[in-house]
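Q: Can you walk me through this model? I would like to start with the pockets and then go on to the sheet and helices.

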Amino acid sequence: MKTIDLEPGDQRLAAVLPVLRELRPHLTEDLFREVYAEGHRQGLRYTAAFADGGSCLGVAGWRIVVNTASLRQLYVDDLVTSMAERSTGVGRILLTHLEERARESGCSEISLVSGTQRTDAHRFYFRERFALTAFQFDKHL
């Protein structure tokens, strides 16, 4: 398995999208390309875990955020392992990679938001020593 950081336009993003759609089913190829192009200018990055044969096993979308609450954090927008690869260590490998990135970037924490219905993901985050520290409130416009 190889963990690779991907820039917008990277041809390997085509293999990432089906895995990312397991978490974000509304994404089309065009929408993903547009979001990544705009988000990249705001710091969005994608890191993917690939099998030796080139198939995508898991993907993380992330960015470095500076704010008054934590000062500098690595925020995880997306973290998903292919359904067929769950519980095989892919998620842990991606998180380890992100932790290394966070430390290299001088971050004090890694933060993410997980939908309340994603109980399997929550068990994973607790195993990985994440703490439940806040409620997120959204108002759809």
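**Pockets, sheet and helices**

A: The largest pocket is lined by 27 residues, and L112, V113, A131, L132 and T133 lie nearest its centre. A pocket here is an open set of points on a 1 Å grid over the protein atoms alone, where a 1.4 Å probe fits, with protein on both sides within 12 Å along at least five of seven lines; lining residues have an atom within 4 Å of a point.

Q: What kind of model is it, and how are residues numbered?
A: This is a predicted model, where local features need pLDDT of at least 70, side-chain atom pairs count only at pLDDT 80 or more, and totals for chains, interfaces and linings use all residues. Residues are numbered from 1 along each chain as its sequence is written, and side-chain values use heavy atoms, with hydrogens and water left out.

Q: Which element supplies the largest share of the lining of the largest pocket?
A: β5, with four residues. Strands (E, at least two residues) and helices (H or I, at least four) are DSSP runs, numbered from the N terminus.

Q: What is the lining of the largest pocket by class?
A: Twelve nonpolar, nine polar and six charged residues. Ala, Val, Leu, Ile, Met, Phe, Trp, Tyr, Cys and Pro count as nonpolar, Asp, Glu, Lys and Arg as charged, and the others, Gly among them, as polar.

Q: In what sense do β4 and β5 pair?
A: Parallel, over four bridges, with β4 covering residues 71-81. The bridge partner of V76 is L112 in β5.

Q: At what angle do α1 and α2 pack?
A: About 105 degrees, with the axes 11 Å apart. Axes are lines fitted to C-alpha atoms, for helices over the stretch in contact, and angles run from 0 to 180 degrees between N-to-C directions.

Q: Which residues meet there?
A: L13, L17 and L20 in α1 meet E29, F32 and Y36 in α2, where contact means heavy atoms within 4.5 Å.

Conventions
Pairing = 2+ DSSP bridges.
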